[in-house]
Amino acid sequence: MSKSILYIRENLKGGTDNYCKALYHLFKDDNELCPLPVTDIQAIRSRLFHYYYRNDELKAAIREADIVHINGYTALGSVQAMRLAHQMNKRIVYTAHWHPFRCLRHPVLGELFFRLVFQPMIKRYANVVTAINQEDYQFFSSFHHHVVQIPHWYQPLSIQPVAKKPDMILFVGRTDDPVKGIEHLYQLPEGQYEVHCVGKGNVARKDFHQHIGISDAELARLYAEASLVVVPSKYEAFSYAALEAMSYGTPVLMSERVRIADYLQGIKGYQLFRYGDMHDFLTKLPQTIGSVVDSDKVRQIFNPATIRHRYRSLYLNI
């Protein structure tokens, strides 16, 4: 008899949503695991607690699962899900998609909520915690006995070969999200580079090209055409954009707070700059654009088959 898995996450598109849907696709044809389709559970927004779920809908969703994989950090919805899953005697996998407290929008409130409310529950109720990066792993290992570190993964699309544009820079993410750091790109001299932005939000430069609502194939083509992808974020627990770029042979310039770098030591094709240091950013950019990428090594580290095996073992043995 197969084990059913429910993925619970915030009802927004983004890295966490991509992660849950990617896990679903890894196991949808498995003969021992049955992931339930990733769907929204009606949530109510809260200024104080970020969001929380309608209790009856959350309970009905959890009832259908053997394993509840909860994704979320300093939100009441994640606390709700863990409490109900424990009360209903479900096995619990927890993934925080963690950010250091200093990088949260409300650092003091976020840490108080987590330390006083959620941390004791994770310690008592979660059967296993999965961590995406080293900082994440060390934090949760300080109070939980079973933490495993597993990176994200990516399978590049098969696209027609395209020539790289030597001065093309690509930014992927909401341009109005203060965490994404697009203000670094606004320091570039006008006309020196061809800058493309993929994502919603206002762009403060008329010479930038913006792409909204494009397909995965169109995004893959932009990755392949670009000579540099910039990830200037205040913090990223991983970075799909960096992984996708390097998988298509495009180098990446990212802030030292982008944690995919934990896996890239000794790999050619990326450089780090100090977040908020515009001089360091402008110095590193011409050094990185057009550089060689160890794409084969990147694909080996973030191989979907290897990562599937690790998650499969985790699910079957809790």
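Strand E1 is mostly covered, with 5 of its 6 residues buried. The model described here is predicted. E1 belongs to an open sheet of 6 strands in the order E2-E1-E5-E6-E7-E8, in which the pairing is parallel. The edges of this sheet are strand E2 (33–35) and strand E8 (147–149), each of which pairs on one side only. From one strand to the next, the twist averages 25°.

**Pairing around strand E1**

- Serine 4 has cysteine 34, in E2, as its bridge partner.

**Helices packed on the sheet**

- Helix H5 (residues 134–141) packs on the sheet and touches E6, strand E7 (128–131) and E8.
- The direction of H5 makes about 175° with that of E8.
- Helix H10 also packs on the sheet, where it touches E1, E2, E5, E6, E7 and E8.
- The direction of H10 makes about 110° with that of E1.

**Helix H10 in detail**

- Helix H10 consists of 13 residues, 304–316.
- At 1.5 Å a residue, H10 should span 18 Å, and because its end C-alpha atoms are 18 Å apart, the model agrees with that expectation.
- The buried residues of H10 are Pro304, Ile307, Tyr311, Arg312, Leu314 and Tyr315.
- Seen down the helix axis, the buried residues of H10 fall within an arc of 160°, so they line one face of the helix.
- In general, an α-helix has 3.6 residues a turn, so residues three or four places apart point the same way.
- Exposed residues Ala305 and His309 are carried on the face of H10 turned away from its buried side.
- The N-terminal end of H10 is capped by asparagine 303, which has a side-chain oxygen 2.9 Å from the backbone nitrogen of alanine 305.

**Two residues with positive phi**

- Asparagine 89 is not a glycine, yet has a positive phi of about 60°.
- The loop that holds asparagine 89 lies between helix H3 (76–87) and strand E6 (91–95).
- Asparagine 89 counts as exposed because its relative accessibility is 70%, the cut-off for exposed being over 50%.
- Histidine 97, likewise not a glycine, has a positive phi of about 55°.
- Histidine 97 is found in the loop between E6 and helix H4 (107–125).
- With a relative accessibility of 11%, histidine 97 counts as buried, since buried means under 20%.

**Asparagine 71 in strand E5**

- Asparagine 71 has its place in strand E5 and is buried, with a relative accessible area of 2%.
- The side chain of asparagine 71 reaches the backbone oxygen of histidine 69 at 3.3 Å.
- Leaving aside neighbours within four places in sequence, the contacts of asparagine 71 include Ile8, Arg9, Glu10, Thr95 and His97.
- Further contacts of asparagine 71, again leaving aside those sequence neighbours, include Thr16, Tyr19, Cys20, Tyr51 and Ser78.

- Asparagine 133 lies in the loop between E7 and H5, where its relative accessibility of 0% makes it count as buried.
- The backbone nitrogen of aspartate 136 is reached by the side chain of asparagine 133 at 2.6 Å.
- Not counting residues up to four places away in sequence, asparagine 133 touches Gln149, Tyr235, Ala237, Arg259, Asp262 and Tyr263.

- Alanine 226 lies in the loop between helix H6 (216–225) and strand E12 (228–231).
- The relative accessible area of alanine 226 is 0%, and alanine 226 is therefore buried.
- Alanine 226 and glycine 249 are 23 residues apart along the chain, and their C-alpha atoms are separated by 9.4 Å.
- With neighbours within four places in sequence left aside, alanine 226 is in contact with Lys164, Lys165, Met168, Leu170 and Thr250.

Methods: Residues are numbered from 1 along each chain as its sequence is written. This is a predicted model: local features need pLDDT of at least 70, side-chain atom pairs count only at pLDDT 80 or more; totals for chains, interfaces and linings use all residues. Side-chain values use heavy atoms; hydrogens and water are left out. Helices (H or I, at least four residues) and strands (E, at least two) are DSSP runs, numbered from the N terminus. The expected span of a helix is 1.5 Å times one less than its number of residues. Buried means under 20% relative accessible area, exposed over 50%, partly exposed in between (1.4 Å probe, protein chains only). The arc is that of the directions from the helix axis to the C-beta atoms. A polar contact is a pair of N or O atoms within 3.5 Å; within protein, one must be able to donate a hydrogen and the other to accept it, and residues adjacent in sequence count only if both atoms are side-chain atoms. Two strands pair if DSSP finds at least two bridges between them. Axes are lines fitted to C-alpha atoms, for helices over the stretch in contact, and angles run from 0 to 180 degrees between N-to-C directions. Contact means heavy atoms within 4.5 Å.
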